[in-house]
Amino acid sequence: MKARTRIAPSPTGQDLHIGNAYTALINYVVATKSGGQFIVRIEDTDRTRLVEGSESRILSSLDWLGIPHHEGPDVGGPFAPYRQSERLPEYKKYADELIGKGHAYYCFCTPQRLEAMRKSQEAEHKPPMYDGFCKTLNTDESKKRAASGEKHVIRMNVPDEGNTSFTDLIRGEITFENKLIDDQVLLKSDGFPTYHLGVVVDDHVMGITHIIRGEEWIPSTPKHILLYNFFGWDIPAIAHVSVLRNPDKSKLSKRKNPVWV
């Protein structure tokens with residue numbers, strides 16, 4: 001099978017992170033060994049942390065390292081655009097689809113209420129998770145409030161019972177209890193997707209066959225598996241590689257280490 005792999009760096013730093021370069025190399029090798037394609041997709045939805053010029057430095061660093069890509073924002077391809085900021089209508093369409101299926105809901109909670117909720121959970125030594133307050137709102141009434149322009153986000157509706165499992169190509173089967181999975185925000189109030197919605201939609205639409213990323217993304221994977229199941233889409237092969245570490249085995253840190261290519 002010809003593999004289609006990708007990296008999806010965020011242009012929020014000085015350059016290409018050494019961890020991105022590491023996973024880029026693995027993705028490139030897996031794709032080209034099978035006669036497939038390696039794709040670069042820019043995840044520029046965090047508008048508050050964007051660094052001007054970062055995207056061009058990421059792409060030039062990959063070129064300097066000798067890791068060419070077959071599709072991307074600079075070379076184009078059949079699934080353009082390859083910047084998430086240019087794909088917003090698509091994310092809205094799929095978020096609305098999830099609401100229609102009952103797998104997502106509108107959330108109108110203010111930052112003040114969310115902060116009070118987090119402080120209460122912290123005081124009670126509970127894991128920081130959304131408490132589901134807006135999940136119980138009447139669906140028709142919520143739609144009217146959203147349509148009227150009331151500020152809101154869209155959250156995924158995680159089942160309260162059962163487990164979500166996936167098979168990691170490196171680590172074997174991994175299982176999470178659904179009650180420990182947060183009702184993640186999928187679409188922010190500014191219309192931009194969070195990582196979780198954007199990555200699942202784009203990987204599906206762009207025909208990604210293998211998701212190869214760092215092990216720090218393992219806790220997010222059950223959310224993505226649920227989204228694939230909600231949409232009724234085939235789940236790509238998934239592999240989580242070890243992160244790069246210092247000699248003392250601590251994780252490379254932007255604050256402490258030279259982590260830019």
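This is a predicted model: local features need pLDDT of at least 70, side-chain atom pairs count only at pLDDT 80 or more; totals for chains, interfaces and linings use all residues.

Is R171 buried, partly exposed or exposed?

Tutor: R171 is partly exposed, because its relative accessible area is 34%. Its partner is E215, with which R171 forms a salt bridge whose closest N and O atoms are 3.0 Å apart. This pair joins distant parts of the chain. E215 belongs to the loop between β8 (210-214) and α7, whereas R171 belongs to the loop between β5 (163-168) and β6 (172-177), and 44 residues separate them.

A second pair deserves attention. The side chains of R41 and D203 also meet in a salt bridge, with an N to O distance of 3.0 Å. Here too distant parts of the chain are linked: R41 sits in the loop between β2 (37-40) and α2, and D203 sits in helix α6, 162 residues apart. R41 counts as buried because its relative accessibility is 0%. D203 is likewise buried, since its relative accessible area is 2%, under the 20% limit. Both residues belong to one network, in which salt bridges that share partners join R6, R41, E43, R87, E90, D202 and D203.

D96 forms a salt bridge with K92, and their closest N and O atoms are 2.7 Å apart. The two residues are 4 positions apart in helix α3, so about one helical turn separates them. D96 is partly exposed, with a relative accessible area of 31%, and K92 counts as partly exposed at 39% relative accessibility. In total, the model has 21 salt bridges.

Helix α3 (residues 88-101) and helix α6 (residues 195-205) pack with their axes 10 Å apart, at an angle of about 100 degrees. The two helices are therefore roughly perpendicular to each other. On the α3 side the contact involves E90, Y91, Y94 and A95, and on the α6 side L197, G198, V201, D202 and V205. Two of these residues, E90 and D202, are also members of the salt-bridge network.

Helix α3 meets helix α7 (residues 221-231) as well: their axes come within 10 Å and cross at roughly 75 degrees. An angle from 65 to 115 degrees counts as roughly perpendicular, so α3 and α7 are roughly perpendicular to each other. Y94, E97, L98 and K101 of α3 make this contact with L227, F230 and F231 of α7.

N27, in helix α1 (residues 18-33), is buried, because its relative accessible area is 0%. Leaving aside residues up to four places away in sequence, N27 touches T5, R6, I7, F38, H210 and I212. Among them, R6 is a member of the salt-bridge network. The C-alpha atom of N27 is separated by 9.3 Å from that of Q37, 10 residues apart along the chain.

At the surface, I18, W64, L65 and V261 form a nonpolar patch, with about 380 Å² of accessible area together. L65 lies in helix α2 (residues 54-65) and counts as partly exposed because its relative accessibility is 36%.

Technical notes. Residues are numbered from 1 along each chain as its sequence is written. Side-chain values use heavy atoms; hydrogens and water are left out. Patches are made of residues with over 30% relative accessible area and no salt bridge: like charges are joined within 9 Å, nonpolar side chains (Val, Leu, Ile, Met, Phe, Trp, Tyr) within 5 Å. Accessible areas come from the Shrake-Rupley method with a 1.4 Å probe; for residues, only the protein chains shown count as cover. A salt bridge is a side-chain nitrogen of Lys or Arg within 4 Å of a carboxyl oxygen of Asp or Glu. Buried means under 20% relative accessible area, exposed over 50%, partly exposed in between (1.4 Å probe, protein chains only). Axes are lines fitted to C-alpha atoms, for helices over the stretch in contact, and angles run from 0 to 180 degrees between N-to-C directions. Angles under 35 degrees count as roughly parallel, over 145 as roughly antiparallel, 65 to 115 as roughly perpendicular and the rest as oblique. Contact means heavy atoms within 4.5 Å.
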